[in-house]
Amino acid sequence: MKKQKQTIKQLAVAAIVAAILTILAGAGALSWADNLMADTLFQRQEPTSGRIVVIGIDQAALQEYGPFQDWDRNIMA
């Protein structure tokens, strides 16, 4: 019985902590931590591949092909 009460107490504490973290994340209070982790995981101090191409989207391209969100990969290729 004592072990069951301890388990229930641990679950309650975990649920409260999860709720607090969810509220903080939803309010944007943890965005700095998210950005820090994303930068740490994905930014590398190494040269990029020569296979990467930067494209420019100007007004003429938008008039010719329509809104950028509607473009398929063939237009960019």
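Biologist: How many aromatic pairs does a search of the whole structure find?
Modeller: Bear in mind that this is a predicted model. The search covers the whole structure. The number of aromatic pairs found is 2.

Biologist: Take Y65 and W71. Is the pair stacked or edge-to-face?
Modeller: The ring centres of Y65 and W71 lie 5.7 Å apart. Pairing needs centres within 6.5 Å. The planes meet at 75 degrees, and over 60 sets the class, so the pair is edge-to-face.

Biologist: What is the angle between the planes of F68 and W71?
Modeller: F68 and W71 also form an aromatic pair, with 5.4 Å from centre to centre. This pair is edge-to-face. The angle between its planes is 70 degrees.

Biologist: Which residues form one aromatic cluster?
Modeller: W71 pairs with Y65. W71 also pairs with F68. The cluster is made of Y65, F68 and W71.

Biologist: Is W71 buried or exposed?
Modeller: Buried means under 20% relative accessible area, and exposed means over 50%. Y65 has 42%, so Y65 is partly exposed. F68 has 37% and is partly exposed. W71 has 12% relative accessibility, so W71 is buried.

Biologist: Now the other end of the numbering. Where is V17 found?
Modeller: V17 belongs to a nonpolar surface patch with V13, I16, I20, L21 and L24. Together these residues have about 510 Å² of accessible area. V17 itself is partly exposed, at 43% relative accessibility. V17 is found in residues 2–26, helix α1.

Biologist: Why do residues three or four places apart in an α-helix point the same way?
Modeller: It comes down to the helix repeat. Residues at that spacing point the same way because the number of residues a turn is 3.6.

Biologist: How far does α1 reach from its first C-alpha to its last?
Modeller: α1 has 25 residues. At 1.5 Å a residue, 36 Å is expected, and the model comes close to that. The reach of α1 is 36 Å.

Biologist: Which residue with a positive phi follows α1?
Modeller: The phi in question is near 85 degrees. The residue that follows α1 with this phi is G28.

Biologist: How many Å apart in space are Q4 and D70?
Modeller: Q4 sits in helix α1. Q4 is partly exposed, at 49% relative accessibility. Q4 and D70 are 66 residues apart in sequence. In space, C-alpha to C-alpha, they are apart by 56 Å.

Definitions and conventions:
Residues numbered from 1 in each chain as written. Predicted model: local features only at pLDDT ≥ 70, side-chain atom pairs only at ≥ 80, totals over all residues. Heavy atoms only, no water. Phe/Tyr/Trp six-rings, centres within 6.5 Å; stacked < 30°, edge-to-face > 60°. Buried < 20%, exposed > 50% of the residue type's maximum accessible area, 1.4 Å probe, protein only. Patch = residues over 30% accessible without salt bridge, like charges linked within 9 Å, V, L, I, M, F, W, Y side chains within 5 Å. Areas by Shrake-Rupley, 256 points an atom, 1.4 Å probe, with all protein chains shown as cover. Salt bridge = Lys/Arg side-chain N within 4 Å of Asp/Glu carboxyl O. Helix = DSSP H or I, 4+ residues; strand = E, 2+ residues; numbered from the N terminus. Expected span 1.5 Å × (residues − 1).
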